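Here are a few exercises to work through with the model open beside you. Try each task before you read its solution.

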Amino acid sequence: MTRRWIFGDQLGPHFLDAADQPVLMIESSRVFARRRFHRQKAHLVLSAMRHRAAELGDQIDYRKAATYRDALPSEPLSVCQPTTYAADRLVRGLPDVQVLPARGFTSSRDEFEEWAGRRGSKRLLMEDFYREARSRLELLMDGRNPAGGRWNFDADNRLPPPKQPTLGASEPWWPTEDEIDDEVRADLDRWERDGTASFAGVDGPRRFAVTRGEAVRALDDFVEHRLPSFGPHEDAMLSGDDWMSHSLLSAPLNLGLLDPLEVAERAEQAYRAGDVPLQSAEGFIRQIIGWRDYIWHLYWHFGADYRHRNALHAEEPVPQWFTDLDRDGEVQARCLSEVLRGVREHGWVHHIPRLMVLGNYALQRGWRPDQLTDWFHRSFVDGYDWVMVANVVGMSQHADGGLLATKPYAAGGAYIDKMSDFCGDCRFDPKKRVGDDACPFTAGYWWFLDRNAERLQGNQRIARALASRNRLADLDDLVRQERARSSAAP
């Protein structure tokens with residue numbers, strides 16, 4: 001049987017054709033030497049790779065080298081399509097390497113391209129893709145109709161947080177570190193001491209699964225204890241509750257430890273058994289077979305140059321206080337300070353802080369989308385190139401001119417005040433746009449619209465907001481204020 005070359009995000013059994021297939025895995029040190037990753041992300045990836053090697057024993061040829069090319073054996077290999085353009089070009093340019101279709105997603109690239117081709121001139125809407133996937137996979141379907149008579153319960157899943165410090169959900173199940181984690185931590189410490197690598201964020205207990213067994217345990221725990229309360233408050237933020245009812249399964253999913261179809265089916269089983277309300281099961285399944293697959297396919301569909309799109313001409317560099325994750329506590333805006341703390345301490349925050357705090361602020365300030373994409377990739381434990389390009393360039397920064405999202409995801413302090421408990425103790429007032437206590441998000445929202453009014457002209461979804469800016473008596477003062485504080489930590 002041909003030896004299967006697996007990458008560090010192809011670690012589950014579904015990436016092998018047989019349980020006894022010989023395996024090659026290469027640990028490349030140059031990956032960490034040339035870019036500044038979050039310390040906990042580096043730990044997670046190396047721990048997962050080394051745990052998989054320990055499980056496979058004599059079945060695996062595990063090699064450590066500076067680059068992949070340095071360690072390739074002289075024997076025929078097969079490999080499932082890698083998840084980046086760079087790795088894909090590498091394997092396709094090597095002799096004696098058979099490249100198989102990608103695994104780890106619920107729809108193939110051929111299925112997506114066939115669907116996209118049928119759209120003609122219509123937009124490639126995620127909702128339409130998701131509904132077709134639901135039907136094809138027979139998930140949450142009652143015959144030909146969606147369970148409960150509705151495809152999407154998103155409107156029911158936008159509740160603000162309750163007036164209490166935490167959501168009240170049980171704390172997630174946490175893995176226990178072992179001697180492999182100790183070995184990884186010692187290596188990372190040594191690399192930092194000798195200057196081989198530099199990391200962002202802080203070291204900490206490993207919070208995410210690195211083995212198939214741990215990943216299944218984490219899935220079971222989520223479905224039993226937190227999926228029932230996941231839906232209604234999935235967009236809410238609480239300063240005293242980093243995890244709320246979120247699954248924390250994106251990291252093991254993106255390491256390839258779980259097959260997304262088994263995750264979606266597990267959620268449906270809980271709904272069918274009466275253990276989980278439909279709105280929670282549907283919201284979660286939409287994230288797995290809808291958004292996750294959709295982002296994967298757009299990465300390839302839009303092409304390698306998509307990452308360089310910059311339709312709004314955002315040219316400001318991402319500032320150091322942000323890339324250092326507010327290590328010195330400069331940030332006074334409580335929402336931004338709290339979210340950067342979460343990234344610094346865990347390498348993870350959920351999707352709304354990513355989009356509506358971090359991404360929203362960068363969009364308002366005109367930061368370079370390519371730099372921001374790279375930062376998200378390196379700073380999050382679940383961040384990979386395919387994950388972040390469309391999410392940041394298209395969804396978060398509207399840098400593709402509207403190919404993915406129909407409007408920019410810009411919002412003022414009122415949204416953050418409604419959906420979080422951040423604003424109550426903040427020195428800035430979300431209702432004020434000019435003055436020493438003017439909210440950086442409220443002021444930044446109007447500055448963004450004014451700066452990009454000509455480029456956004458014709459977008460009907462924000463036409464009213466664009467017109468409203470002209471009625472602001474203090475617009476000139478606001479613009480001067482925001483220009484003056486544009487690069488400083490808010």
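**Exercise 1: cysteines**

Is C335 buried or exposed? Once you have decided, work out how many disulfides there are.

*Solution.* Keep in mind that this is a predicted model.

Step 1. Start with accessibility: C335 has a relative accessible area of 8%. The cut-off for buried is under 20%, so C335 is buried.

Step 2. Next, look for a partner. The closest cysteine sulfur to that of C335 belongs to C423, at 6.2 Å. A disulfide needs the two sulfur atoms within 2.5 Å, so this pair is too far apart for a bond.

Step 3. Now try C426, which is in no disulfide either: its nearest cysteine sulfur, in C335, is 6.4 Å away. C426 also counts as buried, at 18% relative accessibility.

Step 4. The count of disulfides comes to 0.

**Exercise 2: two helices**

At what angle do α5 and α11 pack, and how far apart are their axes?

*Solution.* Step 1. Find α5 at residues 109–119 and α11 at residues 278–301. Their axes are 10 Å apart and meet at an angle of about 75°.

Step 1. Angles of 65 to 115 degrees count as roughly perpendicular, so that is the term for α5 and α11.

Step 2. List the residues in contact. From α5 come R109, F112, E113 and A116, while α11 supplies Y294, W296, H297, L298, W300 and H301.

Step 3. Sort these residues by type: 6 are nonpolar, 2 polar and 2 charged.

**Exercise 3: the nonpolar cores**

Which residues touch the most other members of the largest nonpolar core?

*Solution.* Step 1. The largest nonpolar core has 116 residues, and F322, L336 and L358 touch the most other members. The element that gives the most to this core is α11, with 12 residues.

Step 1. Beyond its neighbours within four places in sequence, F322 contacts L336, L340, L358, W367, L372 and W375.

Step 2. Another core, of 18 residues, lies apart from the largest one; Y445, W446, F448 and L475 are among its members.

Step 3. For context, nonpolar side chains in soluble globular proteins tend to be buried together.

**Exercise 4: a loop residue**

Where does L167 lie, and which residues does L167 touch?

*Solution.* Step 1. L167 is in the loop between β7 (145–146) and α7 (179–193).

Step 1. With a relative accessible area of 14%, L167 is buried.

Step 2. Setting aside residues up to four places away in sequence, L167 touches P162, H233, L238, D241, M244 and S245.

Technical notes:
Residues numbered from 1 in each chain as written. Predicted model: local features only at pLDDT ≥ 70, side-chain atom pairs only at ≥ 80, totals over all residues. Heavy atoms only, no water. Axes fitted to C-alpha atoms, helices over the stretch in contact; angles between N-to-C directions. Helix = DSSP H or I, 4+ residues; strand = E, 2+ residues; numbered from the N terminus. Parallel < 35°, antiparallel > 145°, perpendicular 65-115°, else oblique. Contact = heavy atoms within 4.5 Å. Nonpolar A, V, L, I, M, F, W, Y, C, P; charged D, E, K, R; others polar. Buried < 20%, exposed > 50% of the residue type's maximum accessible area, 1.4 Å probe, protein only. Core = buried A, V, L, I, M, F, W, Y, C linked by side-chain atoms within 4.5 Å.
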